[in-house]
Amino acid sequence: MTFNDTSTPLSLLRTRRSGKARDLIAPGPDAAQLRDILAIAARTPDHGKLAPWRFVVVPTEARDAFAARLVNAYRAERPTASALEIQTMEQFARQSPTLVVVLFSPKVGSHIPLWEQELSVGAATMNLLHAAHAHGFAANWLTGWPTFSDAVRDLFGAEPERIAGFVYIGTQSKPLEERPRPDLDAIVSNWVA
């Protein structure tokens, strides 16, 4: 199977496969490509035109500073962290040539329910992956401890914002492998009146 086949829109959707962030190498998107990827990500379902999401690009030259702050936040919360845990946090900050932090930026005073706003940030993040793949790159949406840390969130935004995820973009260094997909008969049913 050819993954992320860009020959047609349907082929891309049928073959979409994330790459592993740790396997993404240069080149990543250039400034114009990244701007287009983010513009495509912003073309997402958004009831009320609220844009309840923000994208923060962590440039390559800022990765060491991000790694240091990520490690400091981790150690503050987990003072007995092992060397392997610290190494994992440092790797988290530095993998792939391009890193975009997606923030859920709710419009709390809006009449649009927060649940709909949360769905929109998920759709925007998925569109970001689709756009990266359509540009010929591989991408990976990761969460994990940094996503749920207020200290890490505060590096990019402030309450009531939350991190929706970290999107890593680059060139796949290893062949992609298929992952298990759900059995459609187990997840699709017909409503009976």
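Strand β3 (residues 98–104) is mostly covered, with seven of its seven residues buried. Helices (H or I, at least four residues) and strands (E, at least two) are DSSP runs, numbered from the N terminus. Buried means under 20% relative accessible area, exposed over 50%, and partly exposed in between (1.4 Å probe, protein chains only). This is a predicted model, in which local features need pLDDT of at least 70, side-chain atom pairs count only at pLDDT 80 or more, and totals for chains, interfaces and linings use all residues. Residues are numbered from 1 along each chain as its sequence is written, and side-chain values use heavy atoms, with hydrogens and water left out.

In a regular strand the side chains alternate between the two faces of the sheet. From β3, T98, V100, V102 and F104 point one way, while L99, V101 and L103 point the other way, and all are buried.

Strand β5 (residues 162–172) is mostly covered too: eight of its eleven residues are buried. Two strands pair if DSSP finds at least two bridges between them. The table lists pairings in this model.

| Strands | Sense | Bridges | Residues standing opposite |
|---|---|---|---|
| β2 (residues 53–57) and β3 | antiparallel | five bridges | R54 and L103 |
| β3 and β5 | antiparallel | seven bridges | T98 and I169 |
| β4 (residues 138–142) and β5 | antiparallel | five bridges | W141 and V167 |
| β1 (residues 24–25) and β5 | antiparallel | two bridges | L24 and Q172 |

S105 is in the loop between β3 and α5 (114–134). With a relative accessible area of 9%, S105 is buried. Its side chain is joined to that of E161 by a polar contact of 2.9 Å. A polar contact is a pair of N or O atoms within 3.5 Å; within protein, one must be able to donate a hydrogen and the other to accept it, and residues adjacent in sequence count only if both atoms are side-chain atoms.

A pair of aromatic rings is described by the distance of the centres and the angle of the planes. Rings of Phe, Tyr and Trp (its six-membered ring) pair if their centres lie within 6.5 Å; planes under 30 degrees apart count as stacked, over 60 as edge-to-face and the rest as tilted.

How many aromatic pairs does the structure hold? There are seven aromatic pairs. In one of them, the ring centres of F66 and F166 are 6.3 Å apart and the planes are at 20 degrees, so this pair is stacked.

F92 in helix α4 (residues 83–94) and Y168 in β5 are 76 residues apart, and their pair links distant parts of the chain. F92 counts as buried at 9% relative accessibility, and Y168 is buried at 0%. Ring pairs link F66, F92, F156, F166 and Y168 into a cluster.

The surface remains. L184, I187 and V188 form a nonpolar patch there, with about 310 Å² of accessible area together. Patches are made of residues with over 30% relative accessible area and no salt bridge, and nonpolar side chains (Val, Leu, Ile, Met, Phe, Trp, Tyr) are joined within 5 Å, like charges within 9 Å. A salt bridge is a side-chain nitrogen of Lys or Arg within 4 Å of a carboxyl oxygen of Asp or Glu. Accessible areas come from the Shrake-Rupley method with a 1.4 Å probe; for residues, only the protein chains shown count as cover. I187 is in helix α8 (residues 184–187) and counts as exposed, at 55% relative accessibility.
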